[in-house]
Amino acid sequence: MADDLETMLSAVAPRLRELRLRRGYTLAELAAETGISTSTLSRLESGLRRPTLELLIRIAAAYRANLDDLVGAPQIADPRVHPKPFYRNGTAVIPLTRQNPDLHAFKMVLPGHPPDEPVEQQAHGGYDWIYVLSGRVRLALGDDEIVLEPGEAAEFDTRVPHGHASASTEPAEILNLMSVQGERVHLRTGE
């Protein structure tokens, strides 16, 4: 039992580093988000400091990950995702993934949008994919705009200025898959 615990703890350091790099954080960015000093994070990742529960909880919260993901505990829990919706700029956002370090899936309910108003756009690193479940969705990509109908999908590089909104005053529902960089920009800024 003691050997198993030691093996699990020794695997935490490289897992923390790998997860940070996959999520696109620098040590300084993670330090700013968690309140843990850069030097402590560096020592955790190099195995020079043993992780405490408090540190792991802060890091897991920054990554929106489970503690099990950080320590590599065997999967024994219910694999179902129990979404906790939140709202961002009038859009209902329902997380559909909980532990994929590279990709996040969301169901979004876009509020009605006046057809004569422009769709707000932003550009950043990452990649997005959307699928229209119901309603019609205006997808703005730079100077171009298309209307997606139910059952249609679009994928795009988020370095191109982009945005989406309901194509009418009625709500629209979409599935949105985002790379980690896209998720950080879309959902974490302005919180």
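**Strands, salt bridges and enclosed space**

In this predicted model, strand β4 (residues 127-134) and β9 run antiparallel and are joined by six bridges.

Q: What makes β4 and β9 a pair of strands?
A: Two strands pair if at least two bridges are found between them. β4 and β9 have six bridges, so they count as a pair. One of the contacts is between Val-132 and its bridge partner in β9, Ile-174.

Q: How do you know that β3 pairs with β9?
A: The cut-off is at least two bridges, and eight bridges join β3 to β9, so the two strands qualify. They run antiparallel. Lys-107 has Leu-175 as its bridge partner in β9.

Q: Why is the contact of Glu-173 with Lys-107 called a salt bridge?
A: A side-chain nitrogen of Lys or Arg has to lie within 4 Å of a carboxyl oxygen of Asp or Glu. For Glu-173 and Lys-107 the N to O distance is 3.1 Å, so the contact is a salt bridge. Glu-173 is in strand β9 (residues 172-179) and Lys-107 in strand β3 (residues 103-110), so the pair ties together parts that are 66 residues apart in sequence.

Q: Why are Glu-173 and Lys-107 called partly exposed?
A: Buried means under 20% relative accessible area and exposed means over 50%, with partly exposed in between. Glu-173 has 25% relative accessibility, so the partly exposed class applies. Lys-107 is also at 25% and counts as partly exposed.

Q: What makes β5 and β6 an antiparallel pair?
A: Strand β5 (residues 137-141) and strand β6 (residues 144-148) pair in the antiparallel sense over five bridges; at least two are needed, so the pair qualifies. Ala-140 has Glu-145 as its bridge partner in β6. The hairpin of β5 and β6 has two residues between the strands, and Gly-142 there takes a positive phi near 65 degrees.

Q: How do you know that Arg-138 and Glu-145 form a salt bridge?
A: Their closest N and O atoms are 2.7 Å apart. The limit is within 4 Å, so the contact counts.

Q: Which class of accessibility does Arg-138 fall in, and which does Glu-145?
A: Arg-138 has 7% relative accessibility; the cut-off for buried is under 20%, so Arg-138 counts as buried. Glu-145 has a relative accessible area of 41%, which lies between 20% and 50%, so Glu-145 is partly exposed.

Q: What makes Asn-89 stand out in its loop?
A: Asn-89 has a positive phi of about 55 degrees although it is not a glycine. The residue is found in the loop between β1 (86-88) and β2 (91-95). Its relative accessibility is 76%; exposed means over 50%, so Asn-89 counts as exposed.

Q: Why is the contact of Glu-45 with Arg-17 called a salt bridge?
A: The N to O distance is 3.9 Å, and the limit is within 4 Å, so the contact is a salt bridge. Glu-45 lies in helix α4 and Arg-17 in helix α2 (residues 12-23), so the pair ties together parts that are 28 residues apart in sequence. Arg-17, Arg-20 and Glu-45 are linked in a network of salt bridges. Eight salt bridges are found in the whole structure.

Q: Is Glu-45 buried or exposed?
A: Glu-45 has 10% relative accessibility; buried means under 20%, so Glu-45 counts as buried. Arg-17, at 41%, is partly exposed.

Q: Which residues have the most contacts inside the largest nonpolar core?
A: They are Leu-16, Leu-41, Ile-59, Tyr-63 and Leu-70, in a core of 19 residues. The largest share, six residues, comes from α5.

Technical notes. Residues are numbered from 1 along each chain as its sequence is written. This is a predicted model: local features need pLDDT of at least 70, side-chain atom pairs count only at pLDDT 80 or more; totals for chains, interfaces and linings use all residues. Side-chain values use heavy atoms; hydrogens and water are left out. Helices (H or I, at least four residues) and strands (E, at least two) are DSSP runs, numbered from the N terminus. Buried means under 20% relative accessible area, exposed over 50%, partly exposed in between (1.4 Å probe, protein chains only). A nonpolar core is a set of buried Ala, Val, Leu, Ile, Met, Phe, Trp, Tyr and Cys residues joined through side-chain atoms within 4.5 Å.
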